[in-house]
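Look at the structure first, then read on.

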Amino acid sequence: MKRWIGLGLVLVIMFSSFHVPLAHAEESPTLPSQVRGTEPFTLFPQDVVIRGLTHRQDYYFDVNSNRGVSPRSYAELQVSHSSTLLSRRSTMTVMLDDVPLETRRLDPSNANRTTWRIDFAGAAVKSGFHKLSIVTQLSSTDDWCVDETNVGNWAVLHKESVLVLDWTKREGPTDLSWYPSPFFEKGTLKPWKTLFVLPDKPSETELKTLVELAAFFGKQQPGGKLAFNAATASELTDERLQGINVIMIGSNKGWKINGKQFYAQTEVGRTSGAGGAIRLYTSPWDDNKVVLTVQGTDDELKKAALALTEAKVHRQFVGTKQDIKTLVLPEQAAAQKSNDKRAVLTLEQLGYNDMTVEGPQSGSAVFTFTVPPALNITSDAVLKLRYRHSQALKFSQSLMMVKVNGSPVSSRYLSAETSQGATLEVPIPNGQLANRIINVEVTFQFISTKEGCTQRVQTGQWAVVDKGSSLTLPVRPNQSVALDYLPYPFVNNGLWQPTVVLLPDSLNERTLTLLATWGGSIGKHAQTAIHDWQYIAASKAKDDAIKDKHIVALGTGAQLASVERLWSKAPIWPGPAELQVRDPNAVPLLPDTREKGAMAALARSPLNDERYVLVMSGAQEAALQRLTRWLTEPAAPNAKTQGQAIVIDRLNRVHNFAAAEQAQQPPSDAANLLQPQTQPVWMRFVWICVFAVILVAVGVLLWRNRKQKHDK
């Protein structure tokens, strides 16, 4: 008897050790507090050549709010310099947020490429933006006036230089107040560490929510592109869900019918009262990761998408559950389309602050304008440069010079009047704007003594280029059909344009991943993540329903065969078994590329000449993965996307075909007056009256002429 009692106690203890109580929905999911890692960030995309007497090179980086940077972080510079530099006058100083970390002399022992490690010991690196600065002073003689223009004064910061951050995940539980972290980790090498999961047969509302969230996360990475991952519930395994955060998007009906087995494993699926809500909890597949569920009716999903993409709302989130019905959302103001035929871009709009220029004798400020793809420049541009400078200068020898794309365009002497603030208007010829990227360099020459250049240290030599400086571009809407102008025409001047997305009848991970990545890359350029695109199966597309909208088609050639009529103006299109070309001489594709290649083509819609069709496809599903890569990875210099169509072979090489088709320019107002179909009714009546008066006048003249002959 005692033996059976003892055995029972052992079994009770064993079962109790395996039982894990379910966390209450309002409790914070606690993740391990000692998560550590290191990440190396490349400081310079290319070697930086330093010339002249003084130089400053800044690198900005961001530390996410849920991370701490330890003193074990460091910068590792790869440096080389001229062997003629004088070590007693040549130095390199590294600063963090303008606080010096270390200074080294440049001498013959480190003239050849040298590795220099600068530790962050004692430096406080909190969350937010930080600046790492490398300041050099180069001198080959004892005369600064000679050194300023001495070609032997040079140093190189090599592109292999890195910033290595040793980070620690901050202690404490994760809740919705951290959103968009941990799904998007700003300031990291791989900021996107999340998988979107949808029911097996997602509804149009669920697809729209997916794209809106992708567009929102895409905006968090303005200088880069994100490759999103998305899959249906039935495609996933326990192994696939380990090591990754999950965002589940689905209506109540969608999960119960098309994702029941997957949904049952989640926290929401195991608890009662699962209504429309945004929830966060520890992943059942990985204790180090979390799951965010966005669940409710179609109307609730739309409301949740707005809350998750509107900073004014989600910054107020607390806890791990937000009932959708309690959300108070800002009214979405309708974006107004401007009729202005000028585009004005300011430095502040481009992310620049006031730019300070200092130097013993000269200094420069460099900034870049990029012409939006939806616009074409019609004539010369005007750069309005706002600046101010020191009064302690010899104005007869102090001046400024402006270069645009390497060519000088204007020079001006500095004066007592301009020291208080001035504006220089610089016309820029249209010929210098052809590449749509406008690099502006403003150089100041400072002379503050009667003898000009002097070896005495001068501290009052500075100028500031104001962030209100602007570039005014005479523009007209872009009428070209070319992939290199994306996101135009689907997003134009920051506004989502009416578009229908055609998809296969059955969606899988490759198609959903391409859809999410496409939506993120296009939507990041829109003023809001919320849009009114339509998502329908290609087999159900009716011409009358889609003719007034742009069209995007995603899927294999076989999956899109029912809408093949839409590619009638494309130079390349997907067939059921291989890629098809309209002119084999213009688009010479080898058999392997036809069968295994991916393609993207933009053409005018055969249903409406004012609308466009973009097809991204291939004969095999593997082609869709190459298209996702094309949307997110920077292309090699010789593989830049141009023209109406590209083909990506199975080695991921991008081939461009077909030059951009130029649309006919809309007729002028004068020409429109001559077109009867464009005239209002009253104008047609005026023309009839004028014609009648002319006929009467001609008749009177003929009658009088005949009468005069008769009288004679």
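**Salt bridges and a helix pair**

Q: In this predicted model, is Asp 466 buried or exposed?
A: The relative accessible area of Asp 466 is 17%. Buried means under 20%, so Asp 466 counts as buried.

Q: Which residue does Asp 466 meet in a salt bridge?
A: Asp 466 lies in the loop between β27 and β28. Its partner is 80 residues apart from it, in strand β22 (residues 381–389). The N to O distance is 4.0 Å, and the partner is Arg 386.

Q: Is Lys 131 buried or exposed?
A: Lys 131 sits in strand β9 (residues 128–137) and forms a salt bridge with Asp 98, the closest N and O atoms being 3.3 Å apart. Its relative accessibility is 16%. Buried means under 20%, so Lys 131 counts as buried.

Q: Which residues are joined with Lys 131 into one network?
A: Side chains of opposite charge can pair when their charged atoms come close. Here, salt bridges that share partners make the network. Besides Lys 131, its members are Arg 56, Asp 58 and Asp 98.

Q: How are helices α3 and α6 oriented to each other?
A: Helix α3 (residues 204–219) and helix α6 (residues 298–309) have their axes 10 Å apart. The angle at which they pack is about 0°. Angles under 35 degrees count as roughly parallel, so α3 and α6 are roughly parallel.

Q: How many nonpolar residues does the contact of α3 with α6 have?
A: Among the residues in contact are Leu 213 and Phe 216 of α3 and Leu 301 of α6. The contact also has 3 polar and 4 charged residues, while the nonpolar ones number 5.

Key
Residues numbered from 1 in each chain as written. Predicted model: local features only at pLDDT ≥ 70, side-chain atom pairs only at ≥ 80, totals over all residues. Heavy atoms only, no water. Axes fitted to C-alpha atoms, helices over the stretch in contact; angles between N-to-C directions. Helix = DSSP H or I, 4+ residues; strand = E, 2+ residues; numbered from the N terminus. Parallel < 35°, antiparallel > 145°, perpendicular 65-115°, else oblique. Contact = heavy atoms within 4.5 Å. Nonpolar A, V, L, I, M, F, W, Y, C, P; charged D, E, K, R; others polar. Salt bridge = Lys/Arg side-chain N within 4 Å of Asp/Glu carboxyl O. Buried < 20%, exposed > 50% of the residue type's maximum accessible area, 1.4 Å probe, protein only.
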